[in-house]
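Please read them beside the sequence and the coordinates shown here.

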Amino acid sequence: TAVVGHLSWSALLLYLGGISWTLAYDTIYAHQDKDDDILIGVKSTALKFGAATRPWLVAFFATSIALLAAAAQAAGATGPAYLGLAAAALHGLWQCRHFDDANATLCLKLFKSNRTFGLLVLAGFILELPL
């Protein structure tokens, strides 16, 4: 935006994809301390979604991938970005498959694994750059 003087569709889609991804990993993180949230009255996605969290995670990860792919397309991506997104999508599915809202240790592991999700997206986008 600073370079071209306007907000492009690719930047907006990238931003929205990031919000959806944040909802996914933050919901996983919130399941670690939901008992404390209940005690002190904090509202969280973990408490809101409860036992139905897994479908929400699938929706958040899928929406994130779709928006990031749309951002890549709007930016003129040709291939590597989509490979990175495909790998990130598989990683997101892995997280959803292994998610257990009653296992705080696993929730922390899955939350931390989102650095891999982000690195896969970033690697695909970097490889898309001209040399």
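How many helices and how many strands does the protein chain have? The protein chain has 7 helices and 0 strands, where helices (H or I, at least four residues) and strands (E, at least two) are DSSP runs numbered from the N terminus.

1. Basis of the note. This is a predicted model, in which local features need pLDDT of at least 70 and side-chain atom pairs count only at pLDDT 80 or more, while totals for chains, interfaces and linings use all residues. Residues are numbered from 1 along each chain as its sequence is written, and side-chain values use heavy atoms, with hydrogens and water left out.

2. Overall form. Read from the N terminus, the elements of the protein chain run α-α-α-α-α-α-α. The C-alpha trace spans about 50 × 30 × 20 Å along its principal axes. Of the 131 residues in the protein chain, 33% are buried; buried means under 20% relative accessible area, exposed means over 50%, and partly exposed lies in between (1.4 Å probe, protein chains only). The chain exposes about 7,900 Å², and carbon and sulfur atoms supply 68% of that area. Accessible areas come from the Shrake-Rupley method with a 1.4 Å probe, and for residues only the protein chains shown count as cover.

3. Contact range. Among contacts in the protein chain between residues at least 6 apart in sequence, 69% join residues at least 24 apart. Contact here means heavy atoms within 4.5 Å.

4. The α4/α5 pair. Helix α4 (residues 53-74) and helix α5 (residues 80-98) pack at an angle of about 175°, and their axes are 9 Å apart. That angle makes α4 roughly antiparallel to α5. The axes are lines fitted to C-alpha atoms, for helices over the stretch in contact, and angles run from 0 to 180 degrees between N-to-C directions. Angles under 35 degrees count as roughly parallel, over 145 as roughly antiparallel, 65 to 115 as roughly perpendicular and the rest as oblique. The residues that meet include Leu57, Phe61, Ile65 and Leu68 in α4, and Tyr82, Leu85, Ala88 and Gly92 in α5.

5. Tyr82 in α5. Tyr82, found in helix α5, counts as partly exposed at 29% relative accessibility. Not counting residues up to four places away in sequence, Tyr82 touches Ala69, Ala72, Gln73 and Ala77. Its C-alpha atom is separated by 14 Å from that of Gly17, 65 residues away along the chain.

6. Leaving aside neighbours within four places in sequence, His91 is in contact with Ser113, Asn114, Thr116, Phe117 and Leu120.

7. The salt bridge. The count comes to 1 salt bridge, defined as a side-chain nitrogen of Lys or Arg within 4 Å of a carboxyl oxygen of Asp or Glu. In it, the side chains of Asp101 and Lys34 meet at 3.4 Å, N to O. Asp101 lies in the loop between α5 and α6 (104-112) and Lys34 in helix α2 (residues 34-40), so the pair ties together parts that are 67 residues apart in sequence. Asp101 is partly exposed, with a relative accessible area of 25%, whereas Lys34 is buried at 18%. Ala52, in the loop between α3 (45-49) and α4, is 49 residues from Asp101 in sequence and 9.4 Å from Asp101 in space, C-alpha to C-alpha.

8. Cys107 in α6. Cys107, found in helix α6, is buried with a relative accessible area of 0%. Apart from neighbours within four places in sequence, Cys107 is in contact with Ile28, His31, Gln32, Phe99 and Asp100. Cys107 and Tyr25 are 82 residues apart in sequence, and their C-alpha atoms are 9.4 Å apart in space.

9. A nonpolar surface patch. Tyr15, Leu16, Ile19 and Leu23 make a nonpolar surface patch of about 360 Å². Patches are made of residues with over 30% relative accessible area and no salt bridge; like charges are joined within 9 Å, nonpolar side chains (Val, Leu, Ile, Met, Phe, Trp, Tyr) within 5 Å. Leu23 lies in helix α1 (residues 9-30) and counts as partly exposed at 36% relative accessibility.

10. Thr1 lies in the segment before α1 and is exposed, with a relative accessible area of 54%. Not counting residues up to four places away in sequence, Thr1 touches His6 and Leu7.
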